[in-house]
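I opened my notebook to look up where the parts of this model meet. Here is what I had on screen.

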Amino acid sequence: MNPFTSVSRFGTLISAGAALLGAVTVPALAQGWQPTKTVEFIVPAGTGGGADQMARAIQGIVAKYNLMKQPMVVINKRGGSGAEGFLDVKSSKGDPHKIIITLSNLFTTPLATGVPFNWRDLTPVKMLALDEFVLWVNADTPYKSAKDYIAAVKKAGPGKMNMGGTGSKQEDQIITAAIEKRTGVKFTYIPFKGGGTVAVQLVGKHVNSSVNNPIEAVAHWRGGKLRPLCVFDTQRIPYKEKMTSTMSWHDIPTCKETGLDVNYLMLRGIFMAGGVTPDQVSYYINLLRKVRETSEWKALMAKGAFNQTSMEGQEYADWVAKAEAEHIALMKAAGFMAGQKK
Amino acid sequence: MEALNSLLQGFSVALSFTNIALMFAGVILGVIIGVLPGLGGANGVAILLPLTFSMAQTPGGQTSAIILLSCIYWGALFGGAITSILFNIPGEPWSVATTFDGYPLAQKGRAGTALTAAFTSSFVGAAVGVIVITFLSPIVAEFALEFGPPEFFGVYLLTFCAFVGMSKEAPFKTIVAMMLGFALAAVGTDTVTGTLRLTFGTATLLTGFDFLVAVIGLFGIGEILLTLEEGLEFKGASARINVKVVFETWRELPRYWITSLRSATIGCFMGIVPGGATPASFMSYGTAMRFSKDGEKFGSGVVEGVVAPETAAHAAGTSALLPMLTLGVPGSPTAAVLLGGLLIWGLEPGPLLFVEQKNFVWGLIASMYLGNVAGLIVVLTCVPLFAAILRIPFSVIAPIIIVICAIGSYTVHNATFDIYMMVVFGIIGYLFKKVRYPLAPLVLAVVLGDRAEASFRQAMLMSHGDMSIFFSNKLVGGLTSLALILLFWPMASGAVALLRNRLRRE
């Protein structure tokens with residue numbers, strides 16, 4: 001028996017306690033547990049997307065600042081809308097050398113496909129950020145506000161206007177369904193493989209609007225090709241740096257302000273397999289706290305206009321449970337549940 | 001001549017000692033990655049991406065980082081041809097068409113010729129691609145915006161029809177093989193409805209059938225089974241190996257300039273659209289076979305049959321970087337990873353990249369010129385070495401190939417199941433060859449089936465089920481009509497010939 005075990009247990013207890021209190025400072029205590037081999041960082045999505053970029057940025061930051069003694073490898077498991085990745089972590093019960101970054105497909109994939117997993121099979125570690133969604137139209141169109149646009153969609157008639165989005169029965173289509181429910185309009189939703197493609201299809205006028213994440217559409221906004229109408233958040237995006245000659249992220253009104261009462265944020269959080277010890281969880285919490293302190297991370301957040309809310313421990317688990325309930329309600333209302341007839 | 005000035009500026013950025021060293025390092029790594037099936041260019045670049053993270057933080061480091069990664073990409077493009085020619089195992093989707101004539105050439109003992117032709121054509125294709133990027137980028141970026149779902153479907157339809165119409169096999173055999181490929185491509189997630197299909201409730205089939213596993217099995221294992229049956233040796237063992245073969249091949253190559261030009265044009269078009277290097281290589285092979293005066297001999301080992309797909313694949317692979325830089329839409333899986341890299345380094349691909357990050361963009365473009373020269377030097381000096389691999393006795397190399405194939409299949413999804421699938425595909429490949437069914441249409445359908453289906457259904461959603469959307473403007477109408485013409489070409493030309501004969505008799 002290692003004589004230091006009790007001491008380090010005590011340290012972990014403190015850091016776990018600090019985590020529960022949502023403390024921001026990193027406790028400078030000895031770690032109770034350290035990875036003993038390569039850590040696999042699973043991305044339940046393809047290469048090049050938002051989750052993948054974030055995972056690879058974390059991997060780069062960890063390597064650059066030498067935050068972990070063992071190497072970290074990013075592995076993409078996108079099969080079955082991410083089910084491949086989640087099932088892999090679910091089946092690695094008790095394995096502390098595997099972490100996974102989640103998108104909303106943590107909820108939507110099992111609900112839409114019936115693949116047997118639930119976030120309760122995993123251990124929540126830390127929420128890193130929340131991803132915003134913005135309603136975009138082509139800059140050549142006359143719509144200056146969400147109100148104008150919704151009125152135009154109504155006038156065109158049901159199914160006449162196209163909403164482009166990433167994937168099927170996932171976040172983009174859920175938001176579209178929520179807009180339809182609120183306003184009574186009807187879009188034709190066209191699913192594409194990635195957010196970048198959606199933005200380009202909107203620039204090329206093949207679809208009428210999109211609900212792209214900021215990072216997916218920002219280049220075209222700055223290039224004068226796209227126009228943001230509103231952001232699906234309860235408050236405006238805080239970044240005030242001018243992105244175009246006249247506008248910053250902060251200048252985009254919330255959808256609620258413009259009379260479209262729809263909010264949606266996407267989780268960018270880390271989970272581990274089920275059955276891991278609190279020492280192991282707090283090791284990763286500490287690691288990710290250090291990552292969030294770096295200038296590179298802050299630059300990434302500003303670039304993607306992320307909502308920087310972060311949570312750990314019970315607070316995080318409660319948030320996830322609430323988000324799950326919201327997804328079930330939204331997806332039931334839209335008829336997206338597995339086996340559900342529309 | 002602003003482009004020229006910017007380019008010269010770019011060369012001054014790219015021509016530092018570190019950058020040139022990185023170029024060679026990248027190309028060599030890329031060739032190794034391209035040679036190992038399963039570890040494609042996209043994986044290779046993804047693995048090295050974090051390494052470049054701290055590199056990109058230093059001043060000018062972003063350029064060095066992208067030079068390293070893009071040179072791995074060039075290297076992988078070159079490397080993919082090696083195993084296709086030597087062992088009939090395409091390491092990358094776009095090298096499948098290279099096997100059609102490359103492998104027979106190697107069997108005739110002309111592996112050196114085939115490799116030289118492949119590498120040189122790759123270089124020519126890439127060079128044309130870079131020139132297009134240098135001088136036409138603004139126009140070309142606009143053109144890519146014209147492509148919506150119906151247009152993409154038009155491109156895929158054109159590829160499939162060209163293949164059926166141009167194939168030497170009986171068209172129905174081609175169609176049967178292609179339909180089998182579509183069925184395999186349908187397994188997994190249905191991208192339009194988000195539901196799972198043909199997975200029979202198992203988690204192992206969630207990911208569907210990966211192209212690489214299919215190809216490693218169908219071509220690699222299938223070929224080894226055939227060789228086992230026919231006597232345990234490589235037919236190409238008598239290959240003459242010396243450096244002279246490079247110069248001899250070079251003397252022959254200018255003869256195929258029309259094929260090169262046509263292939264490069266197809267390649268650039270497909271890269272920019274972005275339809276990708278795979279359809280480009282198939283379409284280019286098909287058209288070369290139709291229009292060449294040696295068309296009859298295609299498939300039996302002619303140099304022209306190597307020139308066509310390789311030129312097109314590289315022209316496409318290179319020009320695919322243009323939509324990535326100007327629109328943020330990757331033209332290939334590898335470009336997708338490079339795109340992620342740009343974002344992580346704090347660069348923003350899009351219309352403003354050329355304005356705001358001039359040094360970076362032109363440094364990258366200059367490195368494309370230099371990287372391809374570096375690549376050509378590396379691979380050409382190794383031609384005798386690669387060709388010498390065929391001198392190793394079959395009984396030694398076959399087990400090694402099988403082990404590498406198994407590792408390659410496993411790497412794709414880290415799944416043991418894929419190794420069993422590889423064996424199953426190997427047996428299918430063997431049977432196909434025995435009953436003389438073509439494998440290529442099956443592979444083509446596995447690679448493109450998913451994308452073709454998605455664009456078709458997106459288009460149908462847009463038009464509410466009205467097929468006339470495929471003739472709704474000049475671009476898509478032209479693509480669809482061309483596809484139909486190519487599909488019925490053999491019938492039409494057969495009918496014309498028949499008519500002519502009859503007239504003559506009368």
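**Ground rules.** I am reading a predicted model, where local features need pLDDT of at least 70, side-chain atom pairs count only at pLDDT 80 or more, and totals for chains, interfaces and linings use all residues. Residues are numbered from 1 along each chain as its sequence is written, while chains are lettered from A and ligands numbered from 1 in the order in which they are written.

**Domains of chain A.** I looked up the division of chain A and found domain 1 (5–131 + 266–334) and domain 2 (134–251), with bounds from an automatic or database domain assignment. Taken over C-alpha atoms, their centres are 29 Å apart. Their contact (C-beta atoms, placed from the backbone, within 7 Å) takes 18 residues from domain 1 and 17 residues from domain 2. On the domain 1 side, α4, α10 and α11 (313–334) of chain A each supply at least two residues; helices are DSSP runs of H or I, at least four residues, and strands are runs of E, at least two, numbered from the N terminus. I noted that α11(A) gives the most to that side, with four residues.

**Chain A against chain B.** Next I checked the chain contact, and each of chains A and B puts in 44 residues. Elements giving two or more residues on the chain A side include α3 (83–90), β7 (187–192) and α8 (214–222). There, α2(A) gives the most, with eight residues. I sorted the chain A side into 13 nonpolar, 22 polar and nine charged residues. My classes: Ala, Val, Leu, Ile, Met, Phe, Trp, Tyr, Cys and Pro are nonpolar, Asp, Glu, Lys and Arg charged, and the others, Gly among them, polar.

Terms used. Contact = placed C-beta atoms within 7 Å.
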